[in-house]
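Here is a short tour of one protein model, meant to be read with the structure open beside you. We start at a pocket and then move on to the core and its rings.

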Amino acid sequence: MSPELERRLVEKYPKLFGSYGAPPDESLLAFGFECGDGWFDLVDTLCTQLTKLKPADQDGEPLPLTALQVKEKYGTLRFYLGACSDEALALVDFAEAMSARVCEACGNKGRIRGTTWLKTLCDSCARGQGYADTERKAP
């Protein structure tokens, strides 16, 4: 993701991305958001929903949600959280599933393409990246 879009997310969700910019031996967010700009809206919407949750520990004390890593893997979004509720995991699962239908490059409607290196791309971005003749069914 571009540095500008990463900065917007980190500034909008400072608690969620508190370890952003930490050294690599302390945080995988040291490598930034390892996905394309087309998933910005998807990640932003997921973060909005996550910050609305009020997770608590067994004593009722608030638990902070912490993003550990944001990346693309096998053509879809991966959004890893620290300790969290089943509700938070369900939101992440939904966003990850939706990413198989959103072009990672531009944000238009896309599908998973490729045989060895998978990417979710629209027809136009697929042609530009040499994925036009390959397709894989979404999970």
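## The second largest pocket

Helix α2 provides the largest share of the lining of the second largest pocket, with five residues. Both α2 and α3 give two or more residues to this lining; helices here are DSSP runs of H or I with at least four residues, strands are E runs of at least two, and both are numbered from the N terminus. The pocket holds about 190 Å³ of space, a volume being the space filled by probe spheres set on grid points joined across faces, edges and corners. A pocket is an open set of points on a 1 Å grid over the protein atoms alone, where a 1.4 Å probe fits, with protein on both sides within 12 Å along at least five of seven lines; lining residues have an atom within 4 Å of a point.

Among the lining residues you will find Asp41, Thr45, Gln49, Phe94 and Met98. By class, the lining has seven nonpolar, four polar and one charged residues (Ala, Val, Leu, Ile, Met, Phe, Trp, Tyr, Cys and Pro count as nonpolar, Asp, Glu, Lys and Arg as charged, and the others, Gly among them, as polar).

## How to read the model

This is a predicted model, in which local features need pLDDT of at least 70 and side-chain atom pairs count only at pLDDT 80 or more, while totals for chains, interfaces and linings use all residues. Residues are numbered from 1 along each chain as its sequence is written, and side-chain values use heavy atoms, with hydrogens and water left out.

## The nonpolar core

The largest nonpolar core has 28 residues, of which Leu16, Phe17, Leu50, Val70 and Phe79 touch the most other members. Such a core is a set of buried Ala, Val, Leu, Ile, Met, Phe, Trp, Tyr and Cys residues joined through side-chain atoms within 4.5 Å. Two or more residues come from each of α1 (3–12), α2 (40–52), β1 (67–73), β2 (76–81) and α3 (86–98), and α2 gives the largest share, six residues.

Leaving aside neighbours within four places in sequence, Phe17 is in contact (heavy atoms within 4.5 Å) with residues including Leu9, Cys47, Val70 and Phe79.

## Aromatic rings

Ring pairs link Phe17, Tyr20, Phe33 and Phe79 into a cluster. Rings of Phe, Tyr and Trp (its six-membered ring) pair if their centres lie within 6.5 Å; planes under 30 degrees apart are stacked, over 60 edge-to-face and the rest tilted.

The structure holds three aromatic pairs. One of them, Tyr20 with Phe33, is tilted, at 5.9 Å centre to centre and 50 degrees between the planes. Both residues lie in the loop between α1 and α2, so the pair ties together parts that are 13 residues apart in sequence. Phe33 is buried at 2% relative accessible area, whereas Tyr20 is partly exposed at 29% (buried means under 20%, exposed over 50%, partly exposed in between, with a 1.4 Å probe and protein chains only).
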